[in-house]
Amino acid sequence: MLTIKDLSKSYDGQKQSLHDVSFSAKPGEVTVVIGPSGAGKTTLLRSINQLIRDNDGEI
């Protein structure tokens, strides 16, 4: 199971890319992340893959 709780990420302490993102996905479940350009979709995926460090929250 993948559980994200209150995930936040900002760059240079100013631009907030993620703010208190929370969700869970069960094994075998299909989850889709949609949103406009600049909404933080790639930042969320990079956080899950541990390619970047988050400022707050749990994965």
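**Strand pairing and helix packing in the predicted model**

In strand 3, Glu58 is the bridge partner of Lys5. Lys5 itself is placed in strand 1. Strand 1 and strand 3 run antiparallel and are joined by 2 bridges. When residues up to four places away in sequence are not counted, Lys5 touches Val21, Ser22, Gly57 and Glu58. The C-alpha atoms of Lys5 and Ile59 are 6.6 Å apart in space, although these residues are 54 residues apart in sequence. Lys5 counts as partly exposed, because its relative accessibility of 47% falls between the limits of 20% for buried and 50% for exposed residues.

The sheet to which these strands belong is open, has 3 strands in the order 2-1-3, and is paired in the antiparallel sense. Its edges are formed by strand 2 (15-25) and strand 3 (56-58), each of which pairs on one side only. From one strand to the next, the twist averages 10°. Helix 1, comprising residues 41-48, packs on this sheet and touches strand 1 and strand 2. The direction of helix 1 makes an angle of about 60° with that of strand 2.

Strand 1 (residues 2-11) pairs with strand 2 over 7 bridges, again in the antiparallel sense. Several residue pairs can be followed along this pairing. Leu7 stands opposite Val21 of strand 2. For Ser10, the bridge partner in strand 2 is Gln16, and for Tyr11 the partner in strand 2 is Lys15. The hairpin of strand 1 and strand 2 has 3 residues between the strands, and within this hairpin Asp12 adopts a positive phi near 60°.

Ser10 is located in strand 1. Apart from its neighbours within four places in sequence, Ser10 is in contact with Lys15, Gln16, Ser17 and Asn55.

Asp6, which is found in strand 1, has a phi near 55°, a positive value in a residue other than glycine. Its relative accessibility is 35%, so Asp6 counts as partly exposed. In strand 2, Asp20 likewise has a positive phi, of about 50°, although Asp20 is not a glycine. Asp20 is partly exposed, with a relative accessible area of 42%.

On the helical side, Thr43 is found in helix 1. Not counting residues up to four places away in sequence, Thr43 touches Lys9, Tyr11, Ser17, Leu18 and Ile52. Thr43 is buried, since its relative accessible area is 11% and burial is assigned under 20%. Two of the residues touched by Thr43, Lys9 and Tyr11, also have a side-chain arrangement of their own: Lys9 lies over the face of Tyr11, at 4.9 Å from the ring centre. Aromatic pairs, by contrast, number 0 in the structure.

A UniProt annotation from an unreviewed entry, "domain: ABC transporter", covers residues 18-59. Within this span, 19% is helix and 26% is strand. The end C-alpha atoms of residues 18-59 lie 13 Å apart.

Conventions:
Residues numbered from 1 in each chain as written. Predicted model: local features only at pLDDT ≥ 70, side-chain atom pairs only at ≥ 80, totals over all residues. Heavy atoms only, no water. Pairing = 2+ DSSP bridges. Helix = DSSP H or I, 4+ residues; strand = E, 2+ residues; numbered from the N terminus. Axes fitted to C-alpha atoms, helices over the stretch in contact; angles between N-to-C directions. Contact = heavy atoms within 4.5 Å. Buried < 20%, exposed > 50% of the residue type's maximum accessible area, 1.4 Å probe, protein only. UniProt positions renumbered as here; feature names shortened; annotations may be inferred. Phe/Tyr/Trp six-rings, centres within 6.5 Å; stacked < 30°, edge-to-face > 60°. Lys NZ or Arg CZ within 6 Å of the ring centre and 35° of its normal.
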